[in-house]
Amino acid sequence: MTTVSSPGKVLLAGGYLVLDPQYSGIVVSTSSRFYTVVSDAVDSLRGSSPIQIRVRSPQFVDATWIYLVHVDDVVVRVEQLADDITTTSTRNKFVQLAIERVLLLALETKGASSLREQLASGYDIVIAGDNDFYSQRAQLASRNLQPNLASLSQLSPFLHTGVRLAEVHKTGMGSSAALITSLVSALLLHLGIISKDSFDTEGGSGSASEGRKLAHNVAQYIHCLAQGKVGSGFDVSSAVFGSQLYTRFDPQVIQPLMEDNPGSVQSLTRILSPSNPAWDYRVEPFKLPPQTRLMLADVDAGSDTPSLVGKVLRWRKEKSTEANALWDTLNKLNQTLAKTLLQLSELAAEDPEDYSKVIKYLASLQSVQWLAHPAIPPSQMRLIKSFVETRGLSEDIRANMRQMGHLSGVPIEPPEQTDLLDACIAVAGVISGGVPGAGGYDAIWLLVFEPENTSDTTQLPSTRVEAVWSSWRNLDVSPLSAAESVAKGVRVEDLASIKGLKEIL
């Protein structure tokens, strides 16, 4: 049995810019994860001819897919069992393509007879995502619980959504990328295409293992193929490597593989190999400063991200001088923000005691008061000024993103979101905030101070923020329980240690 998980994501800065390899984005991976469990099939599938692979997603209605696998010397074909196709909504293109293309890669690397032998008993695959990937409003309402973090903690893990997969309300944390990454990585491990220790070491694209890099390339390819287009890839990269500064790969690298028919696909091994220099993406490890907390909220208004992106890219093409000048300004701000946040972690390591004192002090104050005390020691003033700079940079990024929205006619930070964010950022102990990714109406993020050893949790900035969210009337704001992931990207799991996962298998 192989159990693998991958995190969700939040693009804090670099929305739209990450589509262009000239620019980078700040991506934070979340503590909420997708899990894939691959095991040899149960008796009902064992030894079937042709080979059968069953995939289940226990959180949804009618979410069992059975695939027939045909392996010959040059190609692998994966077909959904005809009796299993009841309606078009029961198809799962992402899962089917992931299985087919990973098995095709296995055929190239291991040969037909070895692959048939490995698959002889069939596979049983279970895929599940943490609750945060899906809106929990209905679950909370049915239990007469208020939409807050305390209520979310009372919900059982891996709750059944009560709907079909196509009908679920997602929260925008990169569920498809996390799903594909966990599934691809689990299959690569289970088939022995990558070594068992591939995910033991962490790091960016420079220091990661060859196995982790291959998992990245394969997951990027399959995610793009399933979506029918080559996106920026930051969501898959975050699922593989964790929090990072991300610079995209050249889309041309996988263009020869974008064929629906597996029989006409060029060599996967050659193109997807980590040694292929055409994979020119860059991943630089990133983390938020100690004793800060990322807060996320699902805003029940919704945005069509592809539509927003399409309009912005048309504006950039039509008004290239205007757009490129704004993008250059945003990129400088984004890079400086990343550098400032990383420097805060370095300063914390240099003098943990001073750093903790500053966090505790600032957590109780609104930002206008941060520099007001006349007797702040110079060593602490340096820290405070770095947090002041972080706030200023974030606000400048917001202003420029609003300007991009104005010029392109796209609601990147709509007035309703501006009002909500301004109210949150005015709260004592809140450092910064924004709309993640492409923006729109569906989510916000905040960075707040989280002092250690706070006995009275009512005095935490996060509690004050929740009070704003719960009383907000212009938008329906519901918190997510996710924070920044401590574990960096995809990892192998001990099934027994994941609360609730064994029970839904």
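This is a predicted model: local features need pLDDT of at least 70, side-chain atom pairs count only at pLDDT 80 or more; totals for chains, interfaces and linings use all residues.
I noted the crossing of H5 past H6 as right-handed.

Next I looked up who touches whom. From H5 I listed Ser-176, Ala-177, Ile-180, Thr-181, Val-184, Ser-185 and Leu-188. Across from them in H6 I found Ala-215, Val-218, Ala-219, Ile-222, His-223 and Gln-227. Sorted by class, this contact of H5 with H6 has eight nonpolar and five polar residues, with no charged ones.

Then I turned to H1. What angle do H1 and H5 cross at? I got roughly 30° for H1 (residues 93-110) and H5 (residues 175-190), with the axes coming within 10 Å. Angles under 35 degrees count as roughly parallel, so H1 and H5 are roughly parallel to each other. The crossing of H1 and H5 is right-handed.

On the H1 side, the contact uses Phe-94, Val-95, Ala-98, Ile-99, Val-102 and Leu-105. H5 brings Ser-176, Leu-179, Ile-180, Leu-183, Val-184, Leu-187 and Leu-188. I sorted the contact of H1 with H5 into 12 nonpolar residues, one polar and no charged.

Last, I checked H12 (residues 378-408). Its 31 residues reach 45 Å from first C-alpha to last, close to the 45 Å expected. After H12 comes Gly-409, and I noted its positive phi, near 75°.

Note on methods:
Residues are numbered from 1 along each chain as its sequence is written. Side-chain values use heavy atoms; hydrogens and water are left out. Helices (H or I, at least four residues) and strands (E, at least two) are DSSP runs, numbered from the N terminus. The expected span of a helix is 1.5 Å times one less than its number of residues. Axes are lines fitted to C-alpha atoms, for helices over the stretch in contact, and angles run from 0 to 180 degrees between N-to-C directions. Angles under 35 degrees count as roughly parallel, over 145 as roughly antiparallel, 65 to 115 as roughly perpendicular and the rest as oblique. A crossing is left-handed if the near helix is turned anticlockwise from the far one by less than a right angle, and right-handed if clockwise. Contact means heavy atoms within 4.5 Å. Ala, Val, Leu, Ile, Met, Phe, Trp, Tyr, Cys and Pro count as nonpolar, Asp, Glu, Lys and Arg as charged, and the others, Gly among them, as polar.
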